[in-house]
Structures are given as structure tokens and as C-alpha cells.
Amino acid sequence: MYFAALLARTEDGWEASDTELDDVETLSDLADLAREASPDDDTVLVLIEQEDAWFGVVRIDGEEDPRIYVSDAAAAARSSYGEILLTDELLGREPGDDGADLDSLDLDGTEEPDGDSDDEEGGGGDAVPHSPVGDSEILDDLGVGEKELKSLDAEDALGAIAEALGASEVLETVR
């Protein structure tokens, strides 16, 4: 189960709309969806929550590149919606490394690591950390500092973020 909402900042405050991510396959698709919510190039936040296991925030400011924060990369990697957010750049990988990572996985536990391959940094299976990734300062100017963002529990993170933004009532209308 997941929940996704768009919060668009307008002259009158925040406007919320729930959104379906079924047709979103890439970060570019998600950014386009967010930009459609704000024709005036205002800030749009995409808030995603997956089964109280992880949450993600994508910030779109006009035509700038999206900024992303994911609370638990490993949990998000197990979700089709999380995979949209976990770009190679966000994970510190070179684009196209996915094939090399799959080839180097120790799938049955019988292989001995030989240390000969540069692709095995982190042991292959540990390629996605069990920790936050992305821009932890994504909401600093909106009242949610890095320390507060990193301390949020996935179960109530979106509510806490919305409350700090003064948007909890509008978020609740789409929840």
C-alpha cells in the first residue's frame, strides 16, 4: 500500500492533490506530473509513503532538476515506486551499472569474493544502503531542517512535514 500526494505552493498557500503513480515510470515522468500541478513554476513537493516502511520527497522548483530525499534506500528499492526515485546519481553509481551489479551478486552463497572486480564495491548485495539517501536539506527553506528530516519515522513523516509547512489540513483532504 502506498500514498502519494502533490503539494503545490501558490500565492494563497499550499494546494494538495492525490496522485496515482501507476503511469509514472521514470523520474522525468514524475517531474512532469509535478510541474503540471503548478503552471506558475512554483515549488511542488511530491510526497510518497510506502507501507510505513519508507518515505520520499521530490521537490520541483520550476524547470530545475528535481531534488530527492528517500528515508530508507533499501526499503524503497523493494518498491516499484521507490525505484523511480533511486536514480544512479542518487545512489552514487555510474549510469548503466545495474547490469554489472547483477552479474556480481552472490546469489547462492557458495561463491568466494575474489576482490578482482571494481563492480563489487560494497559487496554487490549492499549496493543500496539501509539509510537515507539524497538531499537532506531539501526542505530547509520551508521549515524542515536536515536533522528533523532524518529523524522522522516513516509512519508519520508526511504528516509531520505537512504540519511544518502549514499544509496539514490540505494534505488530510487527499489522504
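Start with strands E1 and E3. They pair in the antiparallel sense, over seven bridges. To place yourself in that pairing, find Ala4: its bridge partner in E3 is Ile48. One caution before I go on: this is a predicted model.

Now the other neighbour, E4. Eight bridges join E3 to E4, and these two strands also run antiparallel. The hairpin of E3 and E4 has three residues between the strands. Look at Glu51 there: it takes a positive phi near 40°.

How many of the residues of E3 are buried? Eight of the eight, so the strand is largely enclosed by the rest of the structure. In a regular strand, side chains alternate between the two faces of the sheet. In E3, Thr43, Leu45, Leu47 and Glu49 point one way. Val44, Val46, Ile48 and Gln50 point the other way. Both sets are buried, and they include Glu49 and Gln50.

Next, helix H1, residues 27–36. Its buried residues are Leu27, Leu30, Ala31 and Ala34. Seen down the helix axis, they fall within an arc of 100°, so they line one face of H1.

On to the rings. The structure holds two aromatic pairs. One is Tyr2 with Tyr81. Their centres are 4.2 Å apart, with 40° between the planes, and the pair is tilted. Tyr2 lies in strand E1 and Tyr81 in helix H3, so this pair ties together parts that are 79 residues apart in sequence. Tyr81 is buried, with a relative accessible area of 15%, because the cut-off for buried is under 20%.

The other pair is Phe55 with Tyr69. Centre to centre the rings are 5.9 Å apart, and the planes sit at 45°, so this pair is tilted. Phe55 is in strand E4 and Tyr69 in strand E5, so the parts tied together here are 14 residues apart in sequence. Are these two residues buried or exposed? Phe55 is buried, and Tyr69 is too.

The charged end of Arg175 sits over the ring of Phe3, 4.5 Å from the ring centre.

Back to H3 for a moment, and to Glu83, which is found in that helix. Buried or exposed? Glu83 is exposed, with a relative accessible area of 51%, because the cut-off for exposed is over 50%. Leave aside its neighbours within four places in sequence, and Glu83 is in contact with Ala76 and Ala77.

Last, the whole protein. There are eight helices and six strands. Along the sequence, the pattern is β-β-α-β-β-β-α-α-α-α-β-α-α-α. Of the 175 residues, 41% count as buried. Take contacts between residues at least 6 apart in sequence: 55% of them join residues at least 24 apart. The protein exposes about 9,800 Å², and carbon and sulfur atoms supply 41% of that area.

That's the tour. Over to you.

Technical notes: Residues are numbered from 1 along each chain as its sequence is written. This is a predicted model: local features need pLDDT of at least 70, side-chain atom pairs count only at pLDDT 80 or more; totals for chains, interfaces and linings use all residues. Side-chain values use heavy atoms; hydrogens and water are left out. Rings of Phe, Tyr and Trp (its six-membered ring) pair if their centres lie within 6.5 Å; planes under 30 degrees apart count as stacked, over 60 as edge-to-face and the rest as tilted. Helices (H or I, at least four residues) and strands (E, at least two) are DSSP runs, numbered from the N terminus. Buried means under 20% relative accessible area, exposed over 50%, partly exposed in between (1.4 Å probe, protein chains only). A charge sits over a ring if NZ of Lys or CZ of Arg is within 6 Å of the ring centre and within 35 degrees of the ring normal. The arc is that of the directions from the helix axis to the C-beta atoms. Contact means heavy atoms within 4.5 Å. Two strands pair if DSSP finds at least two bridges between them. Accessible areas come from the Shrake-Rupley method with a 1.4 Å probe; for residues, only the protein chains shown count as cover.
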